[in-house]
Amino acid sequence: MKIAFYTLGCKVNQYETQAVAELFKESGFEIVDFDSKADVYVINTCTVTNISDRKSRQAIKKAKKLSPQSIVVVMGCYPQVYPQEVEKIEDVDIIIGTKDRQKIVDYVRQYLEDKKKIVAINEDYKREAFEELKISEFNERSRAFIKIEEGCDQFCSYCIIPYARGAVRSRSLKSIEEEVIRLVQKGYKEFVITGINISSYGKDLDEKVTLIDVIERVNKIEGVKRIRLSSLEPVIMNGEFIERLLSFDKLCHHLHLSLQSGSDKILKLMNRHYTTAQYQSIVDRIREKWDDVAFTTDIIVGFPGETEEDFNATLDFVQKIGFSRIHVFRFSPKKGTKAYEMPNQVDSKEKERRSKIMKEVAASLSYQFHSKFVGKTLEVLIEQDSDFDGYYEGYSGNYIRTLIRKSHMIVHGEIYKVKITQAYRQYVKGEIIQ
């Protein structure tokens, strides 16, 4: 039987889709592209914003249009949070939340037998162990994602994810190490440590381990060339953590340090547990040792209660930090979160205006950061053919998208020294040093 996958959302979802795809492959299914006709379609959903929900519904509709007789499986955060809403969608045959994904092949086989809709939503996350969904490859990518934990206990006032993913459950160091070794043997050189909130890693385990211990363990594995981290919470970045972090030779000089707002008033309303002064201190300390470090972040504009003064404070702060890349989000009120009920909601047109301004500032900051490296040499992992004709592209250790002219000498998945020749807002161009 032919099966196709569609993934929305975060790196964790990408990892989980890969793991589920391997389960089907082991069971004899043939994996095809989502635009192809298939017997089964699996849509791994996201519910961070209302737009994410809409995209999930569009993917469901597309699957049935491609193959009306197909089985459509919807899994992930959207059905976990809004099971009744997904259950009402006629085109959905199997519904799975963010647990028990290992049973997905059995659910499909069960549906093939009795043709009855299956709803498998488990809402109990109390003291659960980490659900092992192992991978042995990663969609022909040059970098591999390693999921180390599940769940979040932060309960930021705008975020639905703790309700979608439950409490923190951490993966054992042994299991993480085994997966990295397995992927090194397949030729992967860069590993992205990811999870729902990796900063909380270890808090549920009996052994006293934290995220820094995971990085240290992976850093020691022979064959690992690069370690990259997904989003970090500022609250974890104390003196000892930073000191150990800066000691790892394989760790990429790129940190995605979550900010959300440059206004202390808004940070408090968001239930974020740091101030802009603390954030600035973290950045300054890291830059003392890593002068080439790239800081990337997320910013929400138009949060309830955000005045023009608050917005301008955020604009000033992001420029002061000098981020290399900013993901800008307009506040999207999610039912079930505290922010959904908050007073002083910002008008949609005003949110759009602020978003445009912030994106323009973000683009300018990216260009400023890229320009610093013209004439300098960066190590670039070649990943794929670029959308630009005649070029390959990849990323430097400090997460600069780099374009290099095609040559039969260049191999995908290898790291090359590249002299940067031109800088643009979204990328740089360079030449390989022989």
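**Conventions**

I worked with a predicted model, in which local features need pLDDT of at least 70 and side-chain atom pairs count only at pLDDT 80 or more, while totals for chains, interfaces and linings use all residues. Residues are numbered from 1 along each chain as its sequence is written, and side-chain values use heavy atoms, with hydrogens and water left out.

**Entry 1: domains**

I looked up the domain assignment of the protein, which gives domain 1 (2-120), domain 2 (143-372) and domain 3 (376-432). These bounds come from an automatic or database domain assignment. I then took the centres of domain 2 and domain 3 over C-alpha atoms and noted a separation of 25 Å. Domain 2 gives 21 residues to the contact and domain 3 gives 20 residues; contact means heavy atoms within 4.5 Å.

**Entry 2: the interface of domain 2 and domain 3**

I recorded a buried area of about 1700 Å² between domain 2 and domain 3, with 51% of it on carbon and sulfur atoms. Buried area is the accessible area (1.4 Å probe) that two parts lose on being put together, summed over both. On the side of domain 2, R143, R226 and H370 supply 36% of the area buried against domain 3, more than any other three residues.

I next looked up the pairs across this interface. The rule finds three salt bridges between domain 2 and domain 3, where a salt bridge is a side-chain nitrogen of Lys or Arg within 4 Å of a carboxyl oxygen of Asp or Glu. K189 forms a salt bridge with E414, and their closest N and O atoms are 3.4 Å apart. I also noted ten residue pairs in polar contact between domain 2 and domain 3, both residues being at pLDDT 80 or more. A polar contact is a pair of N or O atoms within 3.5 Å; within protein, one must be able to donate a hydrogen and the other to accept it, and residues adjacent in sequence count only if both atoms are side-chain atoms.

Which elements give two or more residues to the side of domain 2 that touches domain 3? I found β10 (226-229) and α13 (348-371). Helices (H or I, at least four residues) and strands (E, at least two) are DSSP runs, numbered from the N terminus. The largest share of this side, eight residues, comes from α13. By class, I listed five nonpolar, six polar and ten charged residues on the side of domain 2 that touches domain 3. Here Ala, Val, Leu, Ile, Met, Phe, Trp, Tyr, Cys and Pro count as nonpolar, Asp, Glu, Lys and Arg as charged, and the others, Gly among them, as polar.

**Entry 3: salt bridges in the structure**

I noted that the structure holds 37 salt bridges. R244 pairs with D213, the closest N and O atoms being 3.2 Å apart.

I then turned to α13. R354 forms a salt bridge with E306 at 2.8 Å between the closest N and O atoms. R354 is in helix α13 and E306 in the loop between β12 (294-301) and α12 (308-321), 48 residues apart. Both R354 and E306 are buried; buried means under 20% relative accessible area, exposed over 50%, and partly exposed in between (1.4 Å probe, protein chains only).

E360 meets R425 in a salt bridge of 2.7 Å, N to O. R425 lies in the loop between β17 (415-423) and β18 (428-432) and E360 in helix α13, so the pair joins parts that are 65 residues apart in sequence. R425 is partly exposed at 39% relative accessible area, and E360 is partly exposed at 43%.

I also recorded a network of salt bridges that links E16, R101, E131, K147, E150 and R165.

**Entry 4: single residues**

I located S332 in the loop between β13 (325-330) and α13. S332 counts as buried at 17% relative accessibility. Its side chain is joined to that of N50 by a polar contact of 3.3 Å.

I located Y78 in helix α3 (residues 77-81). Is Y78 buried or exposed? Y78 is buried, with a relative accessible area of 0%. Not counting residues up to four places away in sequence, Y78 touches several residues, including T45, D53 and R57.

I placed C10 in the loop between β1 (2-7) and α1 (11-26); C10 is partly exposed at 36% relative accessible area.
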